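Please find below a short briefing on a predicted model.

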Amino acid sequence: MIEVSGLRKSFRSRHGRKATAVDAVRGVDFSVERAEIFGFLGPNGAGKSTTLRMLATLLRPDGGDATIAGADLRRDPGQVRKRIGFVAQSSGTYDHSTGRRDLVLEARMYGVSKSAAQTLAEGVIAAFHLGDFVDRQIKTYSGGQRRRLDVALGVIHSPQVIFLDEPTAGLDPPSRARMWQEVRRLRDEGMTIFLTTHYLDEADTLCDRISIIDSGLIVAEGTPSNLKREISGDVVIVDLAAADTAGVPEPATILQASKVLTEQPYVESCETIEHTLRLYVDSAATAIPQIMRALSGKGIEPGAIETRRPSLDDVFLAKTGHTLEPG
């Protein structure tokens, strides 16, 4: 449904009198199958939204090629627009309008009659369960209600592909869960969903496949489970902050602990994140006692040690050298 090859985009940045080019997207390649939820995962500024806006014809690429639902992005953007829907991070609704009025107006923009637009509006009102509030002014909606309306506006013309830019950003957990249900329903009805996100749990739980982008480049692609299987063994998190104080250990202590553990044969790799060490080991059950002995031998007593299976953030860390989680 989506084929992308070598897509790139740069922006001009001016510092005083000197203008320089900033490469936002540096030649990305990926494909999206029909009726799948494809997640574009990465930190803020990685190139997620720039890529999405190019695919939605809102930004003209500097190079590369893409076809969306059979239409060529660069040669026939008009056909692309007819076949896609787009939901931006910020709502495009009007506070003093009503949801029903905006839905009818959106449908009319695709050239249908007023009566047909009203019928289409009724369909998405029922599908997205908007009936309890759709005739109120939009300024009275909760964040979750407004976001459901945004997605309803994006799909009222039954596009083959819907682009969702951070669809659950700023929503509370119940509203996020409700949005996940709506996205799955659209997929099950045959629509292809391309969404950007920086939420690890969202990418892991919701997406059929994901592509991880960092600094404008694709660094990994696959199903969440397959990507996590690339990181073998267990992850052990060693918190060097004292458990009974708010104090942060001295940098020298963190450096010494990292050096000691990196040298241990049972530690495959060790990453330092603020005052914690993230260790990759074959088996946490056998490694943890040895970790405690190694640190104790240097007079270092960790505040806490925990273990877990590899996550998508571990995949990101392995591929890029830094963590995706805010910290």
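Helix α11 is followed by G321, whose phi is positive, near 90°; helices here are DSSP runs of H or I with at least four residues, strands are runs of E with at least two, and both are numbered from the N terminus. This is a predicted model, in which local features need pLDDT of at least 70 and side-chain atom pairs pLDDT 80 or more, while totals for chains, interfaces and linings use all residues. Residues are numbered from 1 along each chain as its sequence is written, and side-chain values use heavy atoms, leaving out hydrogens and water.

**Helix α11**
- At the start of α11, a side-chain oxygen of S311 comes to within 3.2 Å of the backbone nitrogen of D313.
- Helix α11 spans residues 312-320, and its buried residues are L312, D313, D314, V315, F316 and L317 (buried means under 20% relative accessible area, exposed over 50%, partly exposed in between, with a 1.4 Å probe and protein chains only).

**Residue M109**
- M109 lies in the loop between α3 (99-108) and α4 (114-127).
- The relative accessible area of M109 is 61%, so this residue is exposed.

**Whole chain**
- The protein chain contains 11 helices and 14 strands.
- Of its 327 residues, 48% count as buried.
- Along the principal axes, the C-alpha atoms fill a box of roughly 80 × 45 × 45 Å.
- Among contacts (heavy atoms within 4.5 Å) with a separation of 6 or more, 67% are between residues 24 or more positions apart.

Definitions and conventions:
Polar contact = N/O pair within 3.5 Å; in protein donor to acceptor, adjacent residues only side chain to side chain.
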